Amino acid sequence: GRASKTKVNANMGASPVSSGTEEEVEKLQWAEKWGADTVMDLSTGGDLDACREAIIRSSSVPIGTVPIYSMIIGRKLTDLDEQVVRETLEHQAQQGVDYFTIHAGLRREHLPFVKKRLIGIVSRGGSLLAKWMLEHPERDAEGRQRDNLMYDMWDDICEIMRKHDVTFSIGDGLRPGGLADATDDAQLGELETIGELTERAWRHGVQVMVEGPGHVPLDQIEYNM
């Protein structure tokens, strides 16, 4: 809208097959030169810790990450658990990361809607957590299957974020990959959950950015607390 300023976020990161720390720092410098307001380190290869530390040390703008990318390095996705989540978030927060993208809005109840999609799940973080749920079919004492562990851990994650003054960028794990899937039950179901998560984060004193399209305002989404 006219009253809002456009913010530019630059995505970068080393991969297992190309680039490295020096190249990523150079990308950071170019991003800052041409007006990026924030930068995301999406590295998935090389020395992730060294690269992240170099970027944070060299940056004059806020730095964000998608922590699940680091959580699955060197382990099977099925081995991802609450301890790994806590340790990774604590470590990156102590390094000085300013905001985390956490894909907690995608829940098990949304997965059946994805089957109707033309393109499926296009978010890497969303697809990883959807696969995690599919590979954890175990049920609790009340017969309920495990949900997205990021959703189940939300209050614990909020405490870590508040402790280190880190901001949420709540990931849109079910964003559509094309017009054919736009505003379908999967996307709207996730947006409803994101509305809930946003208010829960606010109650913990944590700032929130919501990723994804802006054509469904959160104040127009009804949900049960």
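These legends describe close-up views of a predicted model.

**View 1. Helix α4 packs against helix α8.**
Helix α4 covers residues 82-95, and helix α8 covers residues 154-164. Their axes lie 10 Å apart and meet at an angle of about 15°. Angles under 35 degrees count as roughly parallel, so α4 is roughly parallel to α8. The crossing of these two helices is right-handed. From α4, the contact uses Val85, Arg86, Leu89, Glu90, Ala93 and Gln94. From α8, it uses Asp156, Ile157, Ile160, Lys163 and His164. By class, the residues of this contact are five nonpolar, two polar and four charged.

**View 2. Helix α8 crosses helix α9.**
Here the axes come within 10 Å of each other. The crossing angle is roughly 45°. That angle makes α8 oblique to α9. The crossing of α8 and α9 is right-handed. Trp154, Asp155 and Cys158 are the α8 residues in the contact. They meet Leu197, Arg200 and Ala201 of α9. The contact of α8 with α9 has four nonpolar and two charged residues, and no polar ones.

A disulfide is a covalent bond between the sulfur atoms of two cysteines. The structure holds zero disulfides.

**View 3. Glycine 13 sits in the loop between β1 and α1.**
Strand β1 spans 9-12, and helix α1 spans 21-33. Glycine 13 has a relative accessible area of 21% and is partly exposed. Glycine 13 touches Glu24, Lys27, Asp41, Leu42 and Ser43, leaving out residues up to four places away in sequence. Threonine 198 is 185 residues from glycine 13 in sequence. In space, the two are 27 Å apart, C-alpha to C-alpha.

**View 4. Aspartate 165 has a positive phi.**
Aspartate 165 is found in the loop between α8 and β5, a strand spanning 167-170. Its phi is about 55°, although aspartate 165 is not a glycine. Most residues other than glycine have a negative phi. Aspartate 165 has a relative accessible area of 60%. Exposed means over 50%, so aspartate 165 counts as exposed.

**View 5. Threonine 183 also has a positive phi.**
The phi of threonine 183 is near 50°, in a residue other than glycine. Threonine 183 lies in the loop between β5 and α9. Helix α9 covers 185-203. The relative accessible area of threonine 183 is 38%, which means partly exposed.

**View 6. Glutamate 138 lies in the loop between α6 and α7.**
Helix α6 covers 124-134, and helix α7 covers 149-152. Glutamate 138 has a relative accessibility of 34% and counts as partly exposed. Its contacts are Arg144, Gln145 and Arg146, leaving aside neighbours within four places in sequence.

Methods: Residues numbered from 1 in each chain as written. Predicted model: local features only at pLDDT ≥ 70, side-chain atom pairs only at ≥ 80, totals over all residues. Heavy atoms only, no water. Axes fitted to C-alpha atoms, helices over the stretch in contact; angles between N-to-C directions. Helix = DSSP H or I, 4+ residues; strand = E, 2+ residues; numbered from the N terminus. Parallel < 35°, antiparallel > 145°, perpendicular 65-115°, else oblique. Left-handed = near helix turned anticlockwise from the far one by under 90°. Contact = heavy atoms within 4.5 Å. Nonpolar A, V, L, I, M, F, W, Y, C, P; charged D, E, K, R; others polar. Disulfide = S-S within 2.5 Å. Buried < 20%, exposed > 50% of the residue type's maximum accessible area, 1.4 Å probe, protein only.
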